[in-house]
Amino acid sequence: MSPFNLETCARPNILALEPYRCARDDYKDDGTNVLLDANENAYGPPLPPSITGLIQPQSGLGPVIDLPGLNRYPDPHQVPLKQLLCNLRQTHVHTQKKLSPSNLFVGVGSDEAIDALIRAFCRPGQDKILVCPPTYGMYSVSAQVNDVSLVKIPLLPGPDFQLDVPSILSALSSPDASTIKLAYFCSPGNPTGSLLSKSSIGSILAHPTWNGVVVVDEAYIDFAPDSASLAEWVVEFPNLVVMQTLSKAFGLAGIRLGAAFTSPEIARLLNALKAPYNVNNITSAIAEYALSPAGLEVMRANKAALLEQRDRLLREMPTIPGVGKLMGGTESNFLLYEMLNKDGQPDNVVALAVYEGLAETKGVVVRFRGKEHGCLGCLRITVGTEDEMTRFLEAIKKQLEQVRGVDARSEEEEKEKAASAVVA
């Protein structure tokens, strides 16, 4: 018999790891579902509809992909792509200094940067990262993978969900603050949709003694007001990292392209520890086209269509019986709403029943977020196309009627049982 024992051979923190739950873990796409659970862009990527394959069409529109050249490794430095990202975020709203490709790390989605930062700055079993729940789950997953502890400073209560700056500053001034190497802030937040204030981030960056890195995750920044991104601010602060992705507003979740804007010194560290050819030729070519004038024009048109549907949800959701408060902000491509019980209180039982019923009986998939800090009874709804929003609004109204009707009948049954018991 082999002496191999997984339980004693593998790292304990990996054996105990609770992996990040993807939107598709619960409900798959069967070709008919309306998928409003993963914050994808329902309008798709900014690529011409004439593209049916990977070869550039004769019209000259679309990305140039050298299929015969795929026998060669890709460019490990991606300077043209990095320059296009700099051009996109160089607004001169936050600084007059200029971004350059030396300020960038590009990788396999923002997740690669999240993990790379922990590996670069945190000693396993000794150091910590600071997170502010409710927030993106991969910060905690990457920390556990790397045997790094968490310091949790919850966001201030909803519906605003802003940073608790005094508590964060206190944690960064504590006796063991030297072991807190990274502070991850999501802006706009996931699942909150709230844009964090620039002054709050600035206060943390201005901490007089803390020797650590501030990481601002801006995955949804293109749905926020113009010039909200702090990406160009990295030229003013040597310990600021601003992460972004093409998965959301650009509708390119399938190519897995993320970027981290930071100081040249931190970018050099991240580029040194990455895999040699982490961004492939096809991803790079599609990303470069998406960031070109033609691609940006389509992206902005698609974004405008999504924002129109977001405004529609903001108008119509409050009119549906059983829908409670909007929790969080509106600076993203999703909204977080309470589901109410018959007493008008946010309720996880109701929210979970609505979530499951929508998916299983109506083919509309949203995301249950009721177990996250400050999100009792909440569902997160990704904004989709006009047709998808029409189907969703009709479905959630019917589902809430059904769920709350069951609750009402159950309540009556309990009352009848109690009355019978008293009589007996």
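Mentor: On a 1 Å grid over the protein atoms alone, a cavity is a set of points where a 1.4 Å probe fits but cannot get out. Please keep in mind throughout that this is a predicted model.

Trainee: Which residues line the largest cavity?

Mentor: Its lining is made up of C132, P134, T135, L155, L163, Y184, F185, C186, G189, N190, T192 and L196. Sorted by class, that lining of the largest cavity has 8 nonpolar and 4 polar residues, with no charged residues.

Trainee: And what about the second largest cavity, how much space lies in that one?

Mentor: The second largest cavity holds about 50 Å³ of space, and its lining consists of L85, L88, R89, Q244, T245, L246, F250, L257, G258 and A259. The elements that contribute two or more residues to this lining are α3 (79-89), β7 (240-245) and β8 (257-261).

Trainee: Why is P45 classed as partly exposed, and not as buried or exposed?

Mentor: P45 is called partly exposed because its relative accessible area is 33%, whereas buried would need a value under 20% and exposed one over 50%.

Trainee: Let's switch to the sheets; in what order do the 7 strands of the open sheet run?

Mentor: The order of that open sheet is β2-β8-β7-β6-β5-β3-β4, and the pairing is mixed. Its edge strands, each of which pairs on one side only, are β2 (104-108) and β4 (149-152), and the twist averages 25° from one strand to the next.

Trainee: Do strands β3 and β5 run parallel or antiparallel?

Mentor: Strand β3 (residues 128-131) and strand β5 (residues 180-186) run parallel and are joined by 4 bridges, with A183 in β5 as the bridge partner of L130.

Trainee: Which strands does helix α4 touch when it packs on that sheet?

Mentor: Helix α4 (residues 109-121) touches β2, β3, β5, β6 (213-217), β7 and β8, and its direction makes about 115° with that of β2. Helix α7 (residues 198-205), for its part, lies across β5, β6 and β7 and runs at about 160° to β6.

Trainee: What is the order in the open sheet of 4 strands?

Mentor: There the order is β9-β10-β13-β12, with antiparallel pairing, and the edge strands are β9 (323-326) and β12 (367-368). Strand β13 (residues 378-382) pairs with β12 over 2 bridges in the antiparallel sense, and R367 stands opposite R380 in β13.

Trainee: Last one: which helix lies across β9, β10 and β13?

Mentor: That is helix α10 (residues 293-316), which runs at about 15° to β10 (334-339).

Methods: Residues numbered from 1 in each chain as written. Predicted model: local features only at pLDDT ≥ 70, side-chain atom pairs only at ≥ 80, totals over all residues. Heavy atoms only, no water. 1 Å grid on protein atoms, 1.4 Å probe; cavity = no way out; pocket = protein on both sides within 12 Å on 5 of 7 lines; lining within 4 Å. Nonpolar A, V, L, I, M, F, W, Y, C, P; charged D, E, K, R; others polar. Points joined across faces, edges and corners; volume = space filled by probe spheres on them. Pairing = 2+ DSSP bridges. Contact = heavy atoms within 4.5 Å. Axes fitted to C-alpha atoms, helices over the stretch in contact; angles between N-to-C directions. Buried < 20%, exposed > 50% of the residue type's maximum accessible area, 1.4 Å probe, protein only.
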